[in-house]
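Colleague: I have a model open and would like to learn how to read its features one at a time. Could you walk me through it?

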Amino acid sequence: MKHGPFTIDPVMTGDFRLDGGAMFGVVPRTLWSRSNPPDEHNRIAMTMRALLVRTPERTILVDTGVGNKNPDKFAQIFALDFGQYTLESSLAAHGVAPEDVTDVILTHLHFDHVGGAVRRDDGRLALAFPNATHYVQRRQWEWALAPSDRDKASYLPDNYLPLRDAEKLALLDGDTELFPGIALHVIDGHTFGQQLVRITHEGRSVLYCADLVPMSAHIPAPYIMGYDLQPVVTLNEKKRLLDDAAANGDVLVFEHDPGMEAAIVTKDERGYRAAATGGIHELLAAGKDA
Ligand SMILES: [Zn+2]
């Protein structure tokens, strides 16, 4: 769908499952299990929804999913499912070949966000998007090189060291307008130097929430992942972003929600909730009539 000079489309890269308790932190299972029923391993259904943003000059991919090079045991633990789509098939459906991608914005370097950036072809690692510059916050890059024992299972060096070795890595320092109308917001609660992506035209924004609000179930302020390194920082970052989103009618895109692509939120005395839900395209179109 056109949003001024931008054509914005979700790119489904694959489905997976994570532990429900880890996804909702201190929220009791009796609450989260209503909207997100766990399977026999206590895992909930999730997806990896990247974002394609095209302008007359650029073809930009935001995040890449988990990729194709994971061992069978890993694929089993996380129930990786590429039966319906892959990163490549979803890009091809939009007429985009890997060589066409000019820029890859990586929100952070956890495996379910960056894994698709590096392929394994005949046993060798190769960039999935050989012509693209890959943008990462410097603090996230440095953390990924030496993560803590608490989060190192999320960082697999084969997913990102090849970007540096191929000299296709651009490290960023803080908030920036990367391209006209495409801004990056740095947040630190989930990990250090995560960047959210905001695409704005005539005051109306599409905000890719990455792991700040991974699923629509995380819209209520205290619904924060157990994975987060600094959950109280996440809480404050979330309130700031959701206050802005509610005031401005931002279209929020959920990277990990299998059933809900996007929502517009409101805020009342009981907190935040989704006022309108659906696809990015219909929410942008609905906003125009309002
Ligand atoms: Zn993450």
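Colleague: Let's take strand pairing. Which residue of β7 is the bridge partner of V118?

Modeller: This is a predicted model, so keep that in mind as we go. The bridge partner of V118 in β7 is L127. The strands β6 and β7 run antiparallel and are joined by 4 bridges.

Colleague: What happens at the turn of that hairpin, and which residue there takes a positive phi?

Modeller: The general idea first: most residues other than glycine have a negative phi. In the hairpin of β6 and β7, 2 residues lie between the strands, and D122 takes a positive phi near 50°. D122 sits in the loop between β6 (118-121) and β7 (124-127).

Colleague: Is D122 buried or exposed?

Modeller: D122 counts as exposed, at 82% relative accessibility. Now look at D63, which is not a glycine and has a positive phi of about 65°. D63 is in the loop between β4 (59-62) and α3 (72-77), and with a relative accessible area of 0% D63 is buried.

Colleague: Next, strands and their faces. How do the side chains of β13 point?

Modeller: In a regular strand the side chains alternate between the two faces of the sheet. From β13, R204, V206 and Y208 point one way, while S205 and L207 point the other way. As for burial, 5 of the 5 residues of β13 are buried.

Colleague: Which strands does β13 pair with, and in what sense?

Modeller: Strand β12 (residues 194-201) runs antiparallel to β13, with 5 bridges joining them. There, T200 has S205 as its bridge partner in β13. The hairpin of β12 and β13 has 2 residues between the strands, and E202 takes a positive phi near 50° in it. With strand β14 (residues 251-253), β13 pairs in the parallel sense over 3 bridges, and L207 stands opposite L252 in β14.

Colleague: What unit do β13, α8 and β14 make?

Modeller: Together, β13, α8 and β14 make a β-α-β unit that is right-handed.

Colleague: How should I read the sheet that has 7 strands?

Modeller: The order is β1-β2-β3-β4-β5-β8-β9, in an open sheet with mixed pairing. At the edges stand β1 (2-3) and β9, each with a single partner strand, so one side of each is left without a neighbour in the sheet. Within this sheet's strand order are β2 and β3; strand β2 (residues 6-19) and strand β3 (residues 43-54) run antiparallel and are joined by 11 bridges. One point to find on screen is P10, which stands opposite L51 in β3.

Colleague: Now a helix. Which residues of α6 are buried?

Modeller: An α-helix has 3.6 residues a turn, so residues three or four places apart point the same way. In helix α6 (residues 138-145), the buried residues are Q140, W141 and A144. They cover an arc of only 100° around the axis, which puts them on the same side of α6. Among the elements that cover them are β8 (133-137), α7 (161-165) and β9 (169-172).

Colleague: Last, the metal. Which atoms coordinate the zinc ion?

Modeller: The zinc ion is coordinated by H108 (NE2), H110 (ND1), H190 (NE2) and D211 (OD), at 2.1 to 2.2 Å. Along the chain, the donors follow the spacing H-x1-H-x79-H-x20-D. H108 lies in the loop between β5 (103-105) and α5 (111-114) and D211 in the loop between β13 (204-208) and α8 (231-248), so the pair ties together parts that are 103 residues apart in sequence.

Colleague: What do the angles say about the site of the zinc ion?

Modeller: The angles among its 4 donor atoms are 90 to 171°, and the site is irregular. For tetrahedral, all angles would have to lie between 85 and 135 degrees.

Colleague: Are H108 and D211 buried or exposed?

Modeller: H108 is buried, with a relative accessible area of 0%. D211 counts as buried too, at 4% relative accessibility.

Terms used
Residues numbered from 1 in each chain as written. Predicted model: local features only at pLDDT ≥ 70, side-chain atom pairs only at ≥ 80, totals over all residues. Heavy atoms only, no water. Buried < 20%, exposed > 50% of the residue type's maximum accessible area, 1.4 Å probe, protein only. Arc of directions from axis to C-beta. Contact = heavy atoms within 4.5 Å. Donors = N, O, S within 2.8 Å, 3.2 Å for Na, K, Ca; no water. Tetrahedral: all angles 85-135°; square planar, octahedral: opposite > 155°, others 65-115°. Pairing = 2+ DSSP bridges. Right-handed = clockwise from strand over helix to strand, strands pointing away.
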